[in-house]
Amino acid sequence: MEPFKIKATESIPFTSRAEREAALKSAGYNLFSVPSSKITIDLLTDSGTSAMSDRQWAALMIGDESYAGSRNYFRLEETVRRISGYKHVIPLHQGRVAENLLFSNCVRPGDHVPNNIHFDTTKANIEHNGGQAIDCVIDAAYDPQADIPFKGDMDLEKLDRVLADVGRDRIPLVLLTITNNSGGGQPVSLANATEVSDWCKRHGIPFFYDACRFAENAYFCKVRSGLDGDIPTIARRFFDLADGCTMSAKKDGLVNMGGFVALNDDALAEKVTNMLILIEGFPTYGGLAGRDLEAMAQGLEEVLDERYLAHRIGQVRDFGQALRDAGVPILVPVGGHAVYLDARRFLPHIAQDQFPAQALTCALYLEGGVRAVEIGGLMFGAGGNWPELELVRLAVPRRVYTSSHLDYVVEIAATLFEKRDSIRGLQITYEAPVLRHFTAQLKPVE
Ligand code: F0G
């Protein structure tokens, strides 16, 4: 059961099918353009959508809005140092800023940056600096039906291949995303992280985590590989293997806005900090209010509570199991923050260039006002480089929806599966040059 009770409520909108049809049409069949007032259950993302606890709301009242040296910064710094062990803690307003600051100080044109699978903003920020983002996850990650416990693991042979192809000097850092969002929210094992760390040390290459969901990853390690110790201890064993991390605290920081870069290298920290001042703000607030820093520090403490994580991961697992029981094809095993529908198996009659995952996303909305996000050809297939997976991610915000909300989503998905043959593909009518999925406009194919 939920290890919390509910102190404040927020009404959810209900709409008619006709209203949803009109909303979808005027949004160009892109759910990012549908106003939230027309969404009944919003599973677009788990990012920035968490419910804060009473203690986090209370933390807002002790915000110290001093321009420099806010006491809330020192609490955040102490908290991140205690959890991660990293020396420098640089606050900023969200994960992609961390990526921008880090990569613009270490990625040069022609560089190659390996990761298990790069998240879209990570890839875009590397490319923006002239680098190439290389995915080196194990092959099983691309098989939605391969039910293995650590599907986010890096393939060391693929790392060797990148090294052989481009040479050590063209690899400014290696990243590891925990959990691996774009591959289904799948965890990385401590053994694999250790191998990656050893590999990096052997070749003198810095190693960083994209640590957005580090606590969920640590919990998976505890239950799936029986690691000893409490969650903070396991998380720390991961952090100890690397030189630093980027963090969007909008996920496992349990806040609506916030993030940081944490790292050990003094010279790199200085460069990142100087650029922070240019684009985000003074180093003790980094684009956030003092109260936000305090809520983030509090959230980072709460997310490591094993009872919270057992409910969190359990709720997502049960949601996935209920979909499976209803015959709906999903990616297995169920990951940490979301259930991913396998659009290829759901809609085998829609060719990849007609965006099956996006068509399914639209159909879910039309059927029941449920908002999900496409992770397939629209997100990653620009220029005709079609991705292997066509997924629809149903991301579960933290501490927001109860099981009966998710039961409703299962009913909608199951109803849709019954009439899947009636769902049609889509074609693009407008696309932006980068990150096209956010603003693309589409229409049903004739
Ligand atoms: N890295 C990963 C693995 C992410 O999942 C995200 C965001 C980011 C970096 C960027 O962080 O949004 O704070 O700038 N993921 C959200 C999602 C948007 O819906 O998965 P950000």
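For pockets I used a 1 Å grid over the protein atoms alone: an open set of points where a 1.4 Å probe fits, with protein on both sides within 12 Å along at least five of seven lines, and lining residues having an atom within 4 Å of a point. Volume is the space filled by probe spheres set on the points, with grid points joined across faces, edges and corners.

The model is predicted: local features need pLDDT of at least 70, side-chain atom pairs pLDDT 80 or more, while totals for chains, interfaces and linings use all residues. Numbering runs from 1 along each chain, and side-chain values use heavy atoms, without hydrogens and water.

I found 36 residues lining the largest pocket, with Ala8, Ala51, Met52, Arg399 and Val400 nearest its centre. Domain 1 (17-39 + 305-444) and domain 2 (54-302) each give at least three of the lining residues; the bounds come from an automatic or database domain assignment.

Next I took the second largest pocket, about 680 Å³ in volume. Of its 27 lining residues, Lys123, Met379, Phe380, Gly381 and Asn385 are closest to the centre.

Then I turned to the ligand. I checked polar contacts (N or O pairs within 3.5 Å). A ligand nitrogen lies 2.7 Å from a side-chain N or O atom of Asp210. A ligand oxygen lies 2.7 Å from a side-chain N or O atom of Arg393.

Terms used:
A polar contact is a pair of N or O atoms within 3.5 Å; within protein, one must be able to donate a hydrogen and the other to accept it, and residues adjacent in sequence count only if both atoms are side-chain atoms.
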